Amino acid sequence: MRSVIDILDLSVAEIAELLATANDIIDHHEKYENILRGRKLATLFFEPSTRTRMSFEAAMYELGGNVISLAGGNTSSAAKGESVADTIRVVSNYVDIIAMRHYIEGAALAASESGTVPIINAGDGGHCHPTQTLADLLTIYREKGHFDNLTIGLCGDLKYGRTVHSLINAMSRYANVRFILISPKELRCPAYVLEGKDPTSFIETASLEEAMPELDILYMTRIQKERFDDEEEYLSLKDSYILNNEKLKNAKADLKILHPLPRVNEIAVEVDDDERACYFKQTLYGKYMRMALILKLLKEKDNPKKESLMPADAIISDVKCSNPKCICQSEQELKTRTIIRNGIRRCVYCEHEI
Ligand code: CP
């Protein structure tokens, strides 16, 4: 059963196919209006969401399908201690496809092992968020017309910002893409995201002002309050970057400003009127890419090829993953599986070093 847990589960060719479908939906919406009549999507959100959940639901309705929804883990039997695996096994009986957001890293991969319908990762803790990346890619494609030869500044919380991790993975596959990683030292991008990629493509800096004149894309992010164990640390970092009109004076005229949203204060409201601001369009593009993805996964479900997202070289480990935020810590039956990547043994669920 084909699921999408990580953006790298989709090849570059498949991303191109999804972009083409999304663009066709934008141009010929009427063609798609009843295409999924009788099919059901479940949105299981164990963590707050506005855009991702509502755009998945709007996507399914616009394709003629139906939605059942669980918004908020405390209204489900997860609050009584039911595991992710059991929840997914049960919900698979009711629907054709599931979009799940969970606060635990690796929860979506674990879900894909127990479900009998496609699982779409709608965000797993601070790990990854592939469908946000699909929204980002359509925005970049429609605004810039290409993915190659771009300098992308990613600014803010690069440690816990799952959208950043997925976007780096996606954009690293195109030619001559440079990344300027702009963050305080405490919130640098995790090593597992950068491993195996060309190190000359990445520059790390704490200065948004210095990076600004070079950027084709500026991807602002919120400092992810909910991921901090230490509130004092959050308070000391929360105002690290605030983009305003003054800071944009040195930017390129054709810069594009993206943000996965929600924003707190990292983009001043005055920037919304700048024609380079794309973050509200980005939320609409997210709906079209989610429509394209649901269509693709249900088409493949109707013509199944047996497929597991568990890497073939993953082995069961005697040592449990020690990341307290990993799914291996909370699912009783789940065995830690590891892979060796660039000489480092990592948990397949959360990618932390074992
Ligand atoms: N970008 C994003 O994931 O937004 P929500 O948390 O509102 O879904």
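A residue is called buried when its relative accessible area is under 20%, exposed when that area is over 50%, and partly exposed in between, with a 1.4 Å probe and protein chains only. The model is predicted, so local features need pLDDT of at least 70 and side-chain atom pairs count only at pLDDT 80 or more, while totals for chains, interfaces and linings use all residues. Residues are numbered from 1 along each chain as its sequence is written, and side-chain values use heavy atoms, with hydrogens and water left out.

E47, at 12% relative accessibility, counts as buried, and R227 is buried with a relative accessible area of 7%. These two side chains meet in a salt bridge of 2.7 Å, N to O, the term standing for a side-chain nitrogen of Lys or Arg within 4 Å of a carboxyl oxygen of Asp or Glu. By this rule there are 28 salt bridges.

Another of them joins R39 and D96 at 3.5 Å, N to O; R39 lies in the loop between α1 (12-27) and β1 (40-45) and D96 in the loop between α3 (84-91) and β3 (97-102), so the pair ties together parts 57 residues apart in sequence. Both R39 and D96 are buried. Helices (H or I, at least four residues) and strands (E, at least two) are DSSP runs numbered from the N terminus.

K256 forms a salt bridge with E143, the closest N and O atoms being 3.4 Å apart. Because K256 lies in strand β9 (residues 256-258) and E143 in helix α5 (residues 130-144), this pair ties together parts that are 113 residues apart in sequence.
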